[in-house]
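The sequence and structure come first.

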Amino acid sequence: TGEEVATIPTESTQNYTELTPDGRFLINAARFTDKLYKIDVNPDTPNMSRIVEIADHYSGSNPCDMTISADGKYAFTPDRLGGTVSVFSIDPFELVATLPLEQLGDDPLEPFMGTVSPRGDKLLVENARGDGSESVIDVSNPLSPVEIARFGQSDGLGVNPLTSEISPDGRWGVVICRKANALSIIDMDQVAITGSVALEDGST
């Protein structure tokens, strides 16, 4: 009906959510409280629209996006002020790994958006500072993530990477680059930028 049926307080003015693949839970990263919430969204349960578990993140992490593996076992969040990428298990709901991203230069990276591949092998993360950069992280072992590449403008990445998508077969990554008015294309198997798609000025 489009009618609002519930309001769930998070004490954060910025929240980033993703449904688990089975549709049972909504996982919410509450940026300004350094907490993740597991919310029951199954209309057939008495807990519908209730927070059923809370996972504490480290202080100052500022989790800034949410993406969940296709098997529904792990949630990934870039930590904007922490300069890290963290992994939470869905059941039990807890922090299981944190990967520090190396700061190359004077400015912090501010990782702020992320997309995990449907294959579950790689994670794309957009870093906000400067002209922006793109991290490719091997998450084939979610308990031990490893950054395997980082792209910048000298590698063919567009300016100001904003967010990304990955094709259903996991082969291609598409990065929306706001100030470039372009899409940068990543071959996820070769871990290389293979081209770009120019858009009209103001498109992104």
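## Cysteines

Cys177 is buried, with a relative accessible area of 0%; buried means under 20% relative accessible area, exposed over 50%, and partly exposed in between, with a 1.4 Å probe and protein chains only. Cys64 is also buried, at 1%. The model is predicted, so local features need pLDDT of at least 70 and side-chain atom pairs count only at pLDDT 80 or more, while totals for chains, interfaces and linings use all residues. Residues are numbered from 1 along each chain as its sequence is written, and side-chain values use heavy atoms, with hydrogens and water left out.

A disulfide is a covalent bond between the sulfur atoms of two cysteines. Here a disulfide is counted as a pair of cysteine sulfur atoms within 2.5 Å, and the count by this rule is 0.

Helices (H or I, at least four residues) and strands (E, at least two) are DSSP runs, numbered from the N terminus. Two strands pair if DSSP finds at least two bridges between them. Strand 1 and strand 2 (residues 25–30) run antiparallel and are joined by 5 bridges. Thr17 stands opposite Asn28 of strand 2. The two strands form a hairpin with 5 residues between them, and Gly23 in the turn has a positive phi of about 75 degrees.

Strand 2 also runs antiparallel to strand 3, with 6 bridges joining them; Leu26 has Ile39 of strand 3 as its bridge partner. In this hairpin 4 residues lie between the strands, and Asp34 takes a positive phi near 55 degrees. Strand 3 (residues 35–40) is mostly covered, since 5 of its 6 residues are buried. Strand 3 pairs in turn with strand 4 (residues 50–56), in the antiparallel sense over 6 bridges, and Tyr37 stands opposite Ile54 of strand 4.

Four strands make up an open sheet with the order 5-6-7-8 and antiparallel pairing. Strand 5 and strand 8 (94–100) are the edge strands, each pairing on one side only. Strand 5 pairs with strand 6 (residues 74–79) over 2 bridges, in the antiparallel sense. Ile68 stands opposite Ala75 of strand 6.

Gly173 lies in strand 14 (residues 172–177) and is buried at 0% relative accessibility. Contact means heavy atoms within 4.5 Å. Leaving aside neighbours within four places in sequence, the residues in contact with Gly173 include Leu124, Glu165, Ile166 and Met188. Asp187 is 14 residues from Gly173 in sequence, and the two are 6.5 Å apart in space, C-alpha to C-alpha.

Leu162 is found in strand 13 and counts as partly exposed, at 22% relative accessibility. Leu162 and Ile176 are 14 residues apart in sequence, with 5.6 Å from C-alpha to C-alpha. Not counting residues up to four places away in sequence, Leu162 touches Phe112, Met113, Glu126, Ile176 and Arg178.

## Pockets

On a 1 Å grid over the protein atoms alone, a cavity is a set of points where a 1.4 Å probe fits but cannot get out, and a pocket is an open set with protein on both sides within 12 Å along at least five of seven lines; lining residues have an atom within 4 Å of a point. Grid points are joined across faces, edges and corners, and a volume is the space filled by probe spheres set on the points.

The largest pocket holds about 250 Å³ of space. Its lining has 20 residues, and Glu18, Met66, Thr67, Thr115 and Glu165 lie nearest the centre. Strand 1 (15–19), strand 5 (67–68), strand 9 (111–116) and strand 13 (161–166) are the elements that give two or more residues to this lining. By class, the lining of the largest pocket has 9 nonpolar, 8 polar and 3 charged residues; Ala, Val, Leu, Ile, Met, Phe, Trp, Tyr, Cys and Pro count as nonpolar, Asp, Glu, Lys and Arg as charged, and the others, Gly among them, as polar.

The second largest pocket holds about 190 Å³. Of its 14 lining residues, Leu104, Asp107, Leu109, Arg129 and Ser133 lie nearest the centre. This lining divides into 3 nonpolar, 6 polar and 5 charged residues.
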